[in-house]
Amino acid sequence: MKQTDYLILGAGASGLMLAYRMAKNPFFDHKSILILDQEQNKGNDRTWCFWEKGTGEWDPLLSKEWSQIYFGALGKSKKISLGSFSYKMIRSEAFYKYIWNFIQHKKNISFVRDEVIHIKSLEEQVQVNGKSKTYLASKVFNSIPLNQTYSSQKKYPVLKQHFIGWFIKTKQDAFDEETATFMDFNIEQKGNTRFMYVLPFSKKEALFEYTLFSENLLAKESYEEAIEKYLSDKNITDYRIVEKEQGSIPMTCYPFASENEKNIVHIGTAGGWTKASTGYTFANSSKKTKELVNFLKNNSDLSTFEKRSKYNLYDLLFLDVLAQHNELGSNIFSNLFQKVHIHSLFRFLNEESNLMEDLKIIFSVPSIKFTQAIFKRFLL
Ligand SMILES: Cc1cc2nc3c(=O)[nH]c(=O)nc-3n(C[C@H](O)[C@H](O)[C@H](O)COP(=O)(O)OP(=O)(O)OC[C@H]3O[C@@H](n4cnc5c(N)ncnc54)[C@H](O)[C@@H]3O)c2cc1C
């Protein structure tokens, strides 16, 4: 059986970013790289957004960016100018096409379509069992969520960012295309953290996503009835649904990195690269794949790649509170958006904030609930 140097499992956001970075870096020119996925052309299955200061690497792929966002909550709604930041959007088809076009010129990178069933470490290599073949590799980068241990353990709460979105088109001008609705909590909370997320692409086109940060998924009709109601409350009645999108992204501080081994590193959502407190993954995957490529130049033990930071603790306490008091989400986010400058909030969520910014954020959230969470987690 032929052995490949690097085997990337999953050609989604993180797997393709990693392959792209390897393709761009001459260090990897003499390594054989195999990308494996059950599907190569997934089209527009995702709409990725992230905030960024100034220009960035993925700018050629943007289909829209906003310099202003709206945050809505009872008595605390406001439009926020992003200043030097902007909120950027990429549709996945453009991303997949761009990366595949770039990679196809590299002789050392190939693709195979297969479904992964099992991954196993051997002494000096890794064996991957696909449905149609078995593969051997020196190093494996896995973005396929094969291991579901995180969802059955009890130590770390597991919430989900779950949503259904409608891309709609209206006949008349209906949207403020300059402002993305980041979170609108002006909807019934029903004991959960529920908000509407709206991305207007033009005056007549927008994506409306009914989103929850909670433990259990809803029936499909519940998301869709809520979108319908929201539109009707905004007097938007003459529209056509052009496309739909849905997702369920795990929000947990489960230490995915503890499952990394000498020759296997889990990446993307499967590797814990999803920000536990928000569900955002795209920008973090971009950062992490950069770090991983640099790491590979000087290190061979992949189990030492990930490091824990103070942000794990912040996220853990936030999720402890939200899992226990899911109805508090609207209040917590309102306080954050009310009391903290948007740049500090972005830097905090990007895990790049300074101590002063951390303290501002810590003092803006309901102190009793967070103190109780600290006691419960560490002292009881
Ligand atoms: C609809 C949606 C919208 C999102 N929007 C945002 C956003 O705005 N901002 C943000 O930061 N994050 C967002 N996310 C979260 C996150 O960025 C995406 O889920 C992202 O695609 C995660 O990248 P990944 O590489 O971990 O997984 P994926 O992109 O899902 O890639 C995994 C790959 O593995 C393949 N695969 C799965 N099982 C097997 C198998 N057994 N064998 C072979 N191949 C397999 C799949 O085909 C897929 O290509 C969104 C997620 C969804 C679902």
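Start by selecting Tyr150, which lies in helix H3 (residues 149-152). Helices (H or I, at least four residues) and strands (E, at least two) are DSSP runs, numbered from the N terminus. This is a predicted model, in which local features need pLDDT of at least 70 and side-chain atom pairs count only at pLDDT 80 or more, while totals for chains, interfaces and linings use all residues. Residues are numbered from 1 along each chain as its sequence is written.

Contact here means that the C-beta atoms of two residues, placed from the backbone, lie within 7 Å. Then pick Ile342: from Tyr150 it is 192 residues away in sequence and 32 Å away in space, C-alpha to C-alpha.

**Domains**

Colour the chain by domain next: domain 1 (3-46 + 90-152 + 253-304), domain 2 (158-251) and domain 3 (310-379). These bounds come from an automatic or database domain assignment. Between the C-alpha centres of domain 2 and domain 3 the distance is 25 Å. Their contact involves 10 residues from domain 2 and nine residues from domain 3. On the domain 2 side, the residues divide into five nonpolar, five polar and no charged. In this classing, Ala, Val, Leu, Ile, Met, Phe, Trp, Tyr, Cys and Pro count as nonpolar, Asp, Glu, Lys and Arg as charged, and the others, Gly among them, as polar.

Select strand E1 (residues 3-9), where five of the seven residues are buried. E1 pairs in the parallel sense with strand E11 (residues 134-142) over six bridges; pairing requires that DSSP finds at least two bridges between two strands. To locate this pairing, show Gln3, whose bridge partner in E11 is Leu136. E1 also pairs in the parallel sense with strand E2 (residues 33-37), over four bridges. Here Leu7 has Leu34 of E2 as its bridge partner.

**Helix H5**

Select helix H5 (residues 282-298). Its 17 residues, at 1.5 Å a residue, should span 24 Å, and the end C-alpha atoms are 25 Å apart, which agrees. The expected span is 1.5 Å times one less than the number of residues. Phe282, Ala283, Asn284, Ser285, Ser286, Lys288, Thr289, Leu292 and Leu296 are buried in H5. Helix H1 (13-24) and strand E3 (47-53) are included in what covers them.

Strand E12 (residues 158-170) runs antiparallel to E16, joined by 13 bridges. Thr170 stands opposite Tyr239 of E16. E12 is also antiparallel to strand E15 (residues 205-214), with 10 bridges, and Gln161 stands opposite Phe213 of E15.

Now show helix H6 (residues 310-324): its 15 residues should span 21 Å at 1.5 Å a residue, and the end C-alpha atoms are 22 Å apart, which agrees. Among its buried residues are Tyr314, Leu317, Phe318 and Val321. The buried residues of H6 pack against E12, E15, E16, helix H7 (329-339) and helix H10 (367-379).

**Two positive phi values**

Finish with two loops. Lys190 is in the loop between strand E13 (179-184) and strand E14 (194-200). Its phi is near 45°, a positive value in a residue other than glycine. Lys190 is partly exposed because 13 other C-beta atoms lie within 10 Å. Glu351 is in the loop between helix H8 (342-349) and helix H9 (355-362). Phi of Glu351 is near 60°, again positive in a residue other than glycine. With 15 C-beta neighbours inside 10 Å, Glu351 counts as partly exposed.

Terms used:
A residue is buried if 20 or more other C-beta atoms lie within 10 Å of its own, exposed if 12 or fewer, and partly exposed in between; C-beta atoms are placed from the backbone.
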